[in-house]
Amino acid sequence: KSDQQVQALLALKFPPPGVVFEVVASADGLVWAIPKVRTYVLTLRQKFPGIKLVVVSHGREQFALQTKKRNTHKLIHAEVSRLVTIDGVKVQVCEAHANRRGVAAKDFPDYVTVAAHGPQEIRNYLEFGYHHIKVSP
């Protein structure tokens, strides 16, 4: 479904103000979701160079982005860091969900933005006219 949504965006003459990619998956969800998002980012930026892109992760998958998991999830951390530093994509995790699991905002690396509440962040982006894409396998 997410592939079709990206194709529909590419068919537009003018881009929306931005795109928010939502990821809610199992613990290993970022293993498949982040490479997929990066492909979407590169494709969308090719047609719409200035489009604003954001990833909001607010399920169990977000815990792979903890600083202490940098060694066990090297590829995910490298890909997310590349999305943020090279591709200019904001990557956010949900502090409320993290806190419920005993994980604090300081437990995530600097390149990950910790938002108070992931679903609310998505709603905020929608209010600004962003297109919502729920990333699925």
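This is a predicted model: local features need pLDDT of at least 70, side-chain atom pairs count only at pLDDT 80 or more; totals for chains, interfaces and linings use all residues.
Let's start with helix α1, which covers residues 2-10. Which of its residues are buried? They are S2, Q5, V6, L9 and L10. Looking down the axis of α1, you'd find these buried residues within an arc of 145°, so they line one face of the helix. On the face of α1 turned away from the buried side sit Q4 and Q7, which are exposed.

Helix α5 runs over residues 118-127, and its buried residues are G118, E121, I122 and Y125. They span an arc of only 100° around the axis, which puts them on the same side of α5.

| Helix | Partners of its buried residues |
|---|---|
| α5 | β1, β2 (52-57), β3 (90-94), β4 (113-115) and β5 |

Now for the lysine. K36 sits in helix α2, residues 29-47. Which residues does K36 touch, once you leave aside its neighbours within four places in sequence? The list is S2, D3, V135, S136 and P137. One of these, S2, is also among the buried residues of α1. As for K13, it lies 23 residues from K36 along the chain, and their C-alpha atoms are 23 Å apart.

Conventions
Residues are numbered from 1 along each chain as its sequence is written. Side-chain values use heavy atoms; hydrogens and water are left out. Helices (H or I, at least four residues) and strands (E, at least two) are DSSP runs, numbered from the N terminus. Contact means heavy atoms within 4.5 Å. Buried means under 20% relative accessible area, exposed over 50%, partly exposed in between (1.4 Å probe, protein chains only). The arc is that of the directions from the helix axis to the C-beta atoms.
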